[in-house]
Amino acid sequence: MTATPAKRKAKLPSQALLAKTFHWVNIIALLLMMASGLQIYNANPVFGGRAGWDFPELVLLGGWLAGGRAWHFATMWVYSLNLLAYGVFVFVTRRWQHRFASSGDLKALRASQNEKRKNFAKHRLVYTAIVPVLLLAIASGLAMYKPAQLHWLAALFGDWQTLRTVHFLTVPIVLAFTLIHSLLALKVGNLRLIKSMFV
C-alpha cells in the first residue's frame, strides 16, 4: 500500500543518529559554556573594567567566579571533543563534499536563477566560514585556560585584554551563525528539516 500525499509530506527527512547526537551535544555544551562564560565575565568584565555592565543572574551558571570557571573549562572539553568527533564523522562519511563551499557555490550566487541552488550555496558558505571562528574560539580559550603552559599561543594574541576580547567576540559570531544556519535550513527544507535533526 502506497503512502498518501499527506503522509509523504509529513514524513521527516532521514538523518544519521550520529549527526543528531553531535547537534544535541553541541547545543547543550554551547549553552552551558555561554552561561558559565558570562559568570566569568561578571567577575571582571571585558568591556568597561570592573565597573562594566553585568549580566543578570538568570543567564549565569556557576554561582561565583570559581564555579563559573569550573563549569566553563569542563564543558569546553565536551564542546571541543564533540566538534573534533563531528569533523572526523564529516570527513569519514565524505559529508564535507556537501557541507563546505566550493567555486561552484560562488558561481551559483553570481549567476544562478535557481533560488534553491542559491540557498544551498549560501548555507555552505556560512558553514565553511564558521570553521575558523570555532578554531579561534578554542585557541583563545585554551590560551586563557593554560597561559603559562601555552604562553606561545597566548602571545599570538598580543596582550591579555586582546585575548579576552577576541574570545568574547567569538560568542556573538557563533550565535549569529546558529541563527543564519537555522534560517537557511528553513529556506532549504522548511521546519521539517530542522525537526529531523533533533527528533
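These legends describe close-up views of a predicted model of one chain.

View 1. From the N terminus, the order of elements reads α-α-α-α-α-α-α-α. The chain has 199 residues, and 34% of them count as buried. Contacts between residues at least 6 apart in sequence were sorted by separation, and 66% of them link residues at least 24 apart. The accessible surface of the chain is about 12,500 Å². Carbon and sulfur atoms account for 71% of that surface.

**View 2. The largest nonpolar core holds 17 residues.** L30, Y79, Y86, F89, I130, L134 and V174 touch the most other members. Four helices each supply at least two residues of this core: α2 (17-43), α3 (65-92), α6 (115-145) and α8 (160-198). The largest share comes from α2, with six residues. In soluble globular proteins, nonpolar side chains tend to be buried together.

**View 3. F89, a member of the largest nonpolar core, is shown with its contacts.** Neighbours within four places in sequence are left aside here. The remaining contacts of F89 are A16, L18, A19, F22 and R95.

**View 4. A second core stands separate and has six residues.** Among its members are M144, L153, A154 and F157. L153 sits in helix α7, which spans residues 151-155. Is L153 buried or exposed? Its relative accessible area is 11%, under the 20% limit, so L153 counts as buried. Setting aside neighbours within four places in sequence, L153 is in contact with A139, L142 and A143. L153 and S140 are 13 residues apart in sequence. Their C-alpha atoms lie 7.9 Å apart in space.

**View 5. The second largest pocket has a volume of about 830 Å³.** Its lining takes in 35 residues. Closest to the pocket centre are G37, I40, H72, M144 and H167. One of these, M144, also belongs to the second core. Which helix gives the most to the lining? That is α8, with nine residues. At least two lining residues come from each of α2, α3, α6 and α8. By class, the lining divides into 25 nonpolar, seven polar and three charged residues.

**View 6. A29 is placed in helix α2.** The relative accessibility of A29 is 3%. Buried means under 20%, so A29 counts as buried. Which residues does A29 touch, not counting those up to four places away in sequence? They are T75, V78 and Y79. Y79 is also listed among the residues of the largest nonpolar core that touch the most other members. A29 and A74 are 45 residues apart along the chain. The separation of their C-alpha atoms is 9.7 Å.

**View 7. L109 is found in helix α5, residues 103-111.** L109 has a relative accessible area of 27%. This value falls between the 20% and 50% limits, so L109 is partly exposed. Not counting residues up to four places away in sequence, L109 touches K118, A121, K122 and L125.

Conventions. Residues numbered from 1 in each chain as written. Predicted model: local features only at pLDDT ≥ 70, side-chain atom pairs only at ≥ 80, totals over all residues. Heavy atoms only, no water. Buried < 20%, exposed > 50% of the residue type's maximum accessible area, 1.4 Å probe, protein only. Contact = heavy atoms within 4.5 Å. Areas by Shrake-Rupley, 256 points an atom, 1.4 Å probe, with all protein chains shown as cover. Core = buried A, V, L, I, M, F, W, Y, C linked by side-chain atoms within 4.5 Å. 1 Å grid on protein atoms, 1.4 Å probe; cavity = no way out; pocket = protein on both sides within 12 Å on 5 of 7 lines; lining within 4 Å. Points joined across faces, edges and corners; volume = space filled by probe spheres on them. Nonpolar A, V, L, I, M, F, W, Y, C, P; charged D, E, K, R; others polar.
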